[in-house]
Amino acid sequence: MTSVGHLTVTNLRKRYGHAVALDNVNFSLAPGEFLTLLGPSGSGKTTTLMAVAGFVQVDAGSISLDGRDLTRLPPERREFGIVFQGYALFPHMTVAENVAFPLQVRGVSSAERQSRVRAALDRVKLSSFADRKPRQLSGGQQQRVALARALVYEPRLLLLDEPLSALDRKLRAELQWELRTLHRDLGVSFLYVTHDQEEALTMSDRVAVFDKGSIVQCGTPDSLFERPATRFVADFFGKSNFFPARMSSTSQSVEWEGGKLDYGTGASLPSGDQLTVSVRPHRLTLVKADAAPLNGVVTQRSYAGTVVHCLVRTHGGTDVLVESPALRGYSGIPDMGETVGIHVDRDAVIFLPQ
Amino acid sequence: MRARPSGWLLAARIAAFGVLAFLILPAFIVVPVSFTDTDYLSLPQDHLSLSHWQTLFQTPMWRNSLVQSFAVAVASTLLSALFGSLAAVGFMRMKPSMAAKLRLVLLLPLIVPTIVAGLAWYWVYIPLRLLDTYFGVILAHTVAGIPLVFVTASSALAAFDPRLEQAARSMGAGQVRVLRQVILPFAMPGILSGAVFAFIASWDEVVVLLFITSRNVYLLPRAIWDGINDNVDPAVAAAATLMISVTVGILLLQQLLSRRENGKAS
């Protein structure tokens, strides 16, 4: 595979009037990497993608590919493939004409065009639909046409803007696999925008989490999940329980509702007196009352097939979500109103800034 | 099961058809008159005759004005379609506040009374020496046709997803190619129906013609006008019938085209 497609984005800034859309965005994308920009709506992820594509002019910062500065280049000369939200297929052209369009722009001969269009449609299993119009296809099929069209001219980098958001859940899962296979087979770098944390988690090599116009954390999906740097990441990337805590002045420990936690040596702690103790719901276990330092009353239960969720109001007044494996429906799960203890696995505790 | 129409509804239907007949029938009275066997404007007396149609196609005056009229209508329609659709694309790219103000200017030819427009063209054309020239007539008809195309092309483009343009550009297409291969094909149904109206507007326009033409440019509506004023040759009725047929024919063609377009959509 070619070793091109190294994208570097440095110090991007963009304002719309007084609203700051991008505030110092930095990241790089290695050749063949799958990087996801994840964040809630309005967090700057799509603006960043559109800046890379060339449709948003940034106020400051630079975008370069393989060392070549693209910041002032118009979109048509950046040579990226883009898959848009809502697919953006040309409604007056057939599927084949849509896929042939970028080749026609590049002056590819009609014979070569035909064979490359056929190959691209084969790859997405749509060769038999070549003569249909886009509106005669289902959402998933349109999505595949958009992919074929964006890849047929072999761009160095593929930009994807929430490509699966219009599809239903099952189809989305199917296309997630297809996209990953495609990414692996082609070796093209993928820059992917989504607000769906599950999608980001399952598909990406790395994820950059956006909040209020900047990247708050960037890393592999498991490092983001296991070691979130802020409360926002811990909450957005999977569910978390948060407890207020403070640093003990006497010993090397943290005091919180659940007692004292020895943080040992070498553990990196957020600076400051006040901090937050965070634990994922699936790392908590329900035990008999008073068998653990943290106790509370079950206020809600819900069965979700593979797991049962219990909401426990602690004596300190915190609502704690506990996820337990469901083996036989609700059996073995405490009843509503029952007082229970919550066992916290020491390894599962994450210290976060307040 | 369909409910039986009540008395009121029935009355309303009859009234509606009455109004429709009132609107349409006077225009169509020229059809039988054009086949009259008399030498004056009247309904056929003893039998039908084609002699006035013969006059229409054999007299150089009638034949020339027919050809000229058609040529002028085609030329001004093409120009209206070109400028009207480009204006619509331009407005799509404009800031909405700016577009709202400029739109009014562009629609002015629709709002200004035709007689005032005729007078205005007359005054402007005297110093420009454009009176009684084809260029002058085509220009005046084009200006009147542009807003017609602009309105229909704009409404077609209202449904245009800007991402289509972004997609085309991301694939390497420059502005001109985007316009030619993406935006204009998208707006084409709107442009075509606007062009039909522009054609009809030019084809049967007489008021401005009366101001800006005399001997050199002699179009069909003007020929009919003079024909009525000077003598009562029933060839006028044949010319009028021909005008109506062309207009109705073009409207039917447009209906057919748009039906086919909709058929493809569903």
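## Helix H5 of chain B

Helix H5 of chain B, residues 96-111, has 16 residues and reaches 22 Å from its first C-alpha to its last. This is close to the 22 Å expected at 1.5 Å a residue, the expected span being 1.5 Å times one less than the number of residues. Helices here are DSSP runs of H or I with at least four residues, strands are runs of E with at least two, and both are numbered from the N terminus.

H5(B) has a kink of about 30 degrees at B:Val105, shortly before the proline B:Pro109. The bend at a residue is the angle between axes fitted to the seven residues ending there and the seven starting there.

## Basis of the model

This is a predicted model, in which local features need pLDDT of at least 70 and side-chain atom pairs count only at pLDDT 80 or more, while totals for chains, interfaces and linings use all residues. Residues are numbered from 1 along each chain as its sequence is written, chains are lettered from A in the order in which they are written, and side-chain values use heavy atoms, with hydrogens and water left out.

## Chain B as a whole

Chain B has 12 helices and zero strands. Its C-alpha trace spans about 70 × 70 × 30 Å along the principal axes.

## Where chain B touches chain A

In the interface, 18 residues of chain B are in contact with 24 residues of chain A, contact meaning heavy atoms within 4.5 Å. The area buried between the two chains is about 2,000 Å², and carbon and sulfur atoms give 60% of that area. Buried area is the accessible area (1.4 Å probe) that two parts lose on being put together, summed over both.

One salt bridge is counted between chain B and chain A. B:Arg169 forms a salt bridge with A:Glu76, with the closest N and O atoms 2.7 Å apart. The term requires a side-chain nitrogen of Lys or Arg within 4 Å of a carboxyl oxygen of Asp or Glu. On the side of chain B that touches chain A, H8(B) gives the largest share, seven residues.

## Salt bridges over all chains

The count over all chains is 16 salt bridges. One of them joins A:Arg144 and A:Glu178 at 2.8 Å, N to O. A:Arg144 lies in helix H4 (residues 139-151) of chain A and A:Glu178 in helix H5 (residues 169-186) of chain A, 34 residues apart.
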